[in-house]
Amino acid sequence: MKSEWMEYTFDELVVRNQGVNTTTEKVSYSESGFPVIRANNIGEYTIDDSNIVYVNSETFLRIKNPCKPKINDILYTNIGSQLGNAAKVKISYDFIIAWNVLRLQVNELIDSDFMVYTLNSAYYKKYIRSLNSSSTMPFVSGTELGKIKFTIPPLKIQKKIAHILSTLDDKIELN
């Protein structure tokens with residue numbers, strides 16, 4: 001069974017886009033409008049909508065689409081104290097992501113739920129944090145992330161694993 005598992009790099013499994021750089025894009029926040037999800041809003045498996053900042057409509061329209069995640073995309077933090085947290089997008093309203101958040105779009109080789117569980121696993125969190133290239137703020141470059149190798153089962157097994165883990169998470173949350 002394990003012989004069916006295949007090895008792929010991060011970049012072979014996902015398309016990744018860095019969020020908007022608020023300095024170079026001259027983005028200023030406003031009291032209302034479209035939410036901006038930053039690294040501090042990304043937890044393991046969750047997107048926390050407290051402490052949200054906003055951009056106005058004009059700014060939102062100016063921001064490029066890769067910075068506007070959709071349902072089933074994965075948000076991943078590659079910088080700061082939240083380094084290594086992954087959460088699946090389950091919200092249907094429009095928002096943008098800040099520069100310290102990556103938007104991951106999985107391809108046909110991997111299930112998005114399985115990828116979230118994999119990225120949030122103790123093994124990969126520890127490994128990815130070991131790639132830290134900064135002495136002041138934890139940071140792993142996109143280039144380094146792209147080289148990380150994942151050994152994954154066939155898609156059908158990924159979906160079963162993700163379903164079992166999701167069911168357990170639901171029970172834990174209910175209790």
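**Pocket and rings**

Guide: Let us start with the largest pocket: α3 and α6 (155–174) each supply at least two residues of its lining. Helices (H or I, at least four residues) and strands (E, at least two) are DSSP runs, numbered from the N terminus. This is a predicted model, where local features need pLDDT of at least 70, side-chain atom pairs count only at pLDDT 80 or more, and totals for chains, interfaces and linings use all residues. Residues are numbered from 1 along each chain as its sequence is written, and side-chain values use heavy atoms, with hydrogens and water left out.

Visitor: Which element gives the largest share of the lining of the largest pocket?

Guide: That is α6, with five residues. By type, the lining divides into four nonpolar, one polar and six charged residues; Asp, Glu, Lys and Arg count as charged, Ala, Val, Leu, Ile, Met, Phe, Trp, Tyr, Cys and Pro as nonpolar, and the others, Gly among them, as polar. Tyr45, Lys88 and Tyr117 are among the lining residues.

Visitor: Why is the pair of Phe34 and Phe60 called stacked?

Guide: Rings of Phe, Tyr and Trp (its six-membered ring) pair if their centres lie within 6.5 Å; planes under 30 degrees apart count as stacked, over 60 as edge-to-face and the rest as tilted. By this rule the count comes to six aromatic pairs. The centres of Phe34 and Phe60 are 4.0 Å apart and their planes are at 15°, so this pair is stacked. Phe34 lies in strand β3 (residues 34–37) and Phe60 in helix α2 (residues 57–62), so the pair ties together parts 26 residues apart in sequence.

Visitor: What makes Phe60 count as buried?

Guide: Buried means under 20% relative accessible area, exposed over 50%, and partly exposed in between (1.4 Å probe, protein chains only). Phe60 has 7% relative accessibility, so the residue counts as buried. Phe34, at 22%, is partly exposed.

Visitor: And why is the pair of Tyr45 and Tyr117 called tilted?

Guide: Their ring centres are 5.2 Å apart and their planes are at 50°, so the pair is tilted. Tyr45 is in the loop between β3 and β4 (53–55) and Tyr117 in helix α3 (residues 112–120), 72 residues apart. Tyr45 counts as partly exposed at 31% relative accessibility, while Tyr117 counts as buried at 16%.

Methods
1 Å grid on protein atoms, 1.4 Å probe; cavity = no way out; pocket = protein on both sides within 12 Å on 5 of 7 lines; lining within 4 Å.
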